[in-house]
Amino acid sequence: MNICIVTHNVLKGDGQGRVNYEIVNELLEQGHNVALYATKIAPEFERHPRIEYVHIAVQGWPTRLLKNQIFALVSSLKLMKRKKNYDLIVMNGYIAWLRSDINNVHFVHSAWQNSTAHPYRLQKGWKGRYQMLFTKINAFLERGAFQRSGLLIPVSQKVQQEIEQIPEVNKPIQVILNGADLQSFSPAPVKKKELRRMFELPESVILAMFAGDIKSPRKNLDSVLKAMPQNPDLHLAVAGALEGSPYPEMARELGLNERVHFLGFQKDVAALMKCADCFVFPSRYEACSLVVMEALASGLPVITTEASGVGEVIAGDGGSGKAGFVLKDPEDLKQLAQSLLVLTEDEQLREQMGQAAREAVQPYDWKKVAKRYVALYEQVHRQKEKQRGAVYEYSSST
């Protein structure tokens, strides 16, 4: 097949970009040709003989909102001239104005605009208003993108439910969850002390870990810090860029200076996870959190929320599952503090949940996830060939 993928980035270090990076690798391995309409792609793809790279330049345009519109316009114009060369066209949310056979859905703006964690509800002034304008415009545009697609592939059941709540969109849906690198992210060796020394972390304490954006309240580090005083034996390692973050000051105000370790941005998150005893990520809104999948792959018991999009992996039942705890309400400080306390005090439970975490994520190795995408792409292509000459629409019964 000749497959066209339209997306902003195809890079390992980017959430949506990582999904497409793995898909492209698998397509190439199975002998397909790939056209990438993107702004940035991995260097190894730029030189690949079976990749057509159509660069969409957006540098220099002010604001992300305007950059996205320029990308959509330019990619649509370029794709119109070449679309007959491709067997399948794959979009990623609202990314262009043309019809697509498949749309990989990584985020739903119409759901995000209703979230209590949206910046509009937390930031006063023009910044909050700009963020809501950005979200509303994208919510309107993504509805059109979904309607112009033959098949939608959301990255979690949560995202599927969010799509189904859009009245104008009635398209076939096939969920494929995000994955994890099970080789890089793996359970810690017996000796954690040496690893902790690398990060200047205390060697003989129970250590929870948090990783993500610590500039905004969306990831909910504030609730973790507020729960810490009730658990005096627990330490917390925080990985995330510190510039502009209010949380170091919050930790000082709560008297947590000695127990909360702000490490700044970390490239080697896999090594850092090997230092931890558990992972806490009570996010207020995600699609399908990659960092939680990586924590599970590292064999860490996880405390997260239904809003993180990965509760189905942890197999939550009544708020707790075999691989950790899934909180229904990100604002439930009592349940969060209790979950942290249980993991701090019960070493046997941590070990059991850690083993269950690794087992739970086994089906989501990136290679397996990419194979599911490619198998579905090939199925869509076969159906499209059968319907050639008619208006294409995916049918799950085939």
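**Exercise 1.** Is Glu385 buried, partly exposed or exposed?

*Solution.* The model is a predicted one, in which local features need pLDDT of at least 70, side-chain atom pairs count only at pLDDT 80 or more, and totals for chains, interfaces and linings use all residues. Residues are numbered from 1 along each chain as its sequence is written, and side-chain values use heavy atoms, with hydrogens and water left out.

Step 1. Take the cut-offs: buried means under 20% relative accessible area, exposed over 50%, and partly exposed in between (1.4 Å probe, protein chains only).

Step 2. Glu385 has a relative accessible area of 37%, so this residue is partly exposed.

Step 3. Helices are DSSP runs of H or I with at least four residues, numbered from the N terminus.

**Exercise 2.** Classify Gln113 and list its contacts outside its sequence neighbourhood.

*Solution.* Step 1. Gln113 sits in the loop between α4 (109-112) and α5 (119-122).

Step 1. Its relative accessibility is 16%, and therefore Gln113 counts as buried.

Step 2. With neighbours within four places in sequence set aside, Gln113 contacts His118, Arg121, Met132, Thr135, Lys136 and Ala139. Contact here means heavy atoms within 4.5 Å.

**Exercise 3.** Determine how many residues of helix α12 are buried, and examine what follows the helix.

Step 1. After α12 comes Gly299, with a positive phi near 75°.

**Exercise 4.** Describe the nonpolar cores.

*Solution.* Step 1. A nonpolar core is a set of buried Ala, Val, Leu, Ile, Met, Phe, Trp, Tyr and Cys residues joined through side-chain atoms within 4.5 Å.

Step 1. The largest core has 112 residues, of which Phe45, Leu236, Phe279 and Tyr377 touch the most other members.

Step 2. A second, separate core of 16 residues includes Tyr37, Ile70, Leu79 and Ile89.

Step 3. Beyond four places in sequence, the contacts of Phe45 are Val10, Tyr21, Val24, Asn25, Leu28, Leu36 and Ile51.

Definitions and conventions:
Helix = DSSP H or I, 4+ residues; strand = E, 2+ residues; numbered from the N terminus.
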